[in-house]
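Please open the model in a viewer and keep the selection panel at hand.

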Amino acid sequence: MARLSATDILDVHARGHRADSLDRALLVLRATTGSTLDTLAALPIGRRDHALFTAHAETFGDAIPCVVPCPFCATPLELALGAQQLRLEPPDEGPGPFALAFNETTFTFRLPNTHDLRFALAEPDAVEARLLERCVEGPVPEEEVANAISAEMGRLDPQADVQLALTCPSCHGAWSAPFDIAGYLWREIETEAERLLDVVHVLAKSYGWSEAAILDMPATRHRAYLERLEAW
């Protein structure tokens, strides 16, 4: 997997500016893998997110610092996470479809992908039921079976739902918080895109260089030239 270059970051940011979070994740992966959007949309969500963690590590480094407010006392918790720490390997059980035996009946299912998630999110109050509707062969099973299939999906694709076990140092409250790598990585891309646009604006205006020439420079060169302009 390739890292996002400065040009890639501006291109992905421009294309994804008005897109939803699902399309933004696919745009990032298309730039880093060269795969088509259709191919990427067919990946199970956990496999997609595994690739997004890799894209973050290659482009911005392993560190994933973030701040999470305590839901009990609002104390901000500063977390020093890492892509390698949060990147999970799925069981080696092939791409599916999969089967689950329950009360002498076998149910066949596949893991949810981006198309399925988009369908499910159209009704936020029924996401899990709509995912099962899409991914389980035949009619949607009753609640007990549905829960068993959902649990098996989680085992087969653990990266699809990363939960952080947190404890507040102030009030000692404990809770579980989801970590969304797609949203986190997009915010990193937005921040870097804005920085790059500022750099291009200043250096092009000051030196007359083209955008392509400026973006081809490493960030250390950007800083060196900007420091000289400030001291001029």
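What volume does the largest pocket have? The model is a predicted one, in which local features need pLDDT of at least 70 and side-chain atom pairs count only at pLDDT 80 or more, whereas totals for chains, interfaces and linings use all residues. Residues are numbered from 1 along each chain as its sequence is written, and side-chain values use heavy atoms, with hydrogens and water left out.

**The largest pocket**

The volume of the largest pocket is about 660 Å³. A pocket here is an open set of points on a 1 Å grid over the protein atoms alone, where a 1.4 Å probe fits, with protein on both sides within 12 Å along at least five of seven lines; lining residues have an atom within 4 Å of a point. A volume is the space filled by probe spheres set on the points, which are joined across faces, edges and corners.

Select Ile45, Leu117, Leu131, Ala160 and Asp161, which lie nearest the centre among 24 lining residues. Elements giving two or more residues to this lining are H2, H4, H6, helix H7 (127-135), helix H8 (143-156) and H9; helices (H or I, at least four residues) and strands (E, at least two) are DSSP runs numbered from the N terminus. The lining of the largest pocket comprises 14 nonpolar, 4 polar and 6 charged residues. In this division Ala, Val, Leu, Ile, Met, Phe, Trp, Tyr, Cys and Pro count as nonpolar, Asp, Glu, Lys and Arg as charged, and the others, Gly among them, as polar.

**The second largest pocket**

Next, select Arg3, Ala6, Glu192, Arg195 and Ala219, which lie nearest the centre of the second largest pocket. H1, H4, H9 and helix H11 (219-231) each give two or more residues to its lining. The volume of this second pocket is about 180 Å³.

**Helix H4**

Now select residues 45-60, the 16 residues of helix H4. Of these, 12 are buried, that is, under 20% relative accessible area with a 1.4 Å probe and protein chains only. Among the buried residues are Ile45, Arg48, Asp49 and Phe53. Just after H4, glycine 61 takes a positive phi of about 95 degrees.

Finally, select strand E3 (residues 98-102) and strand E4 (residues 105-109), which pair in the antiparallel sense over 5 bridges; pairing requires at least two DSSP bridges between two strands. Phenylalanine 98 has phenylalanine 109 in E4 as its bridge partner. Between the strands lie 2 residues, and asparagine 103 in this hairpin takes a positive phi near 50 degrees.

Conventions
The expected span of a helix is 1.5 Å times one less than its number of residues. Buried means under 20% relative accessible area, exposed over 50%, partly exposed in between (1.4 Å probe, protein chains only).
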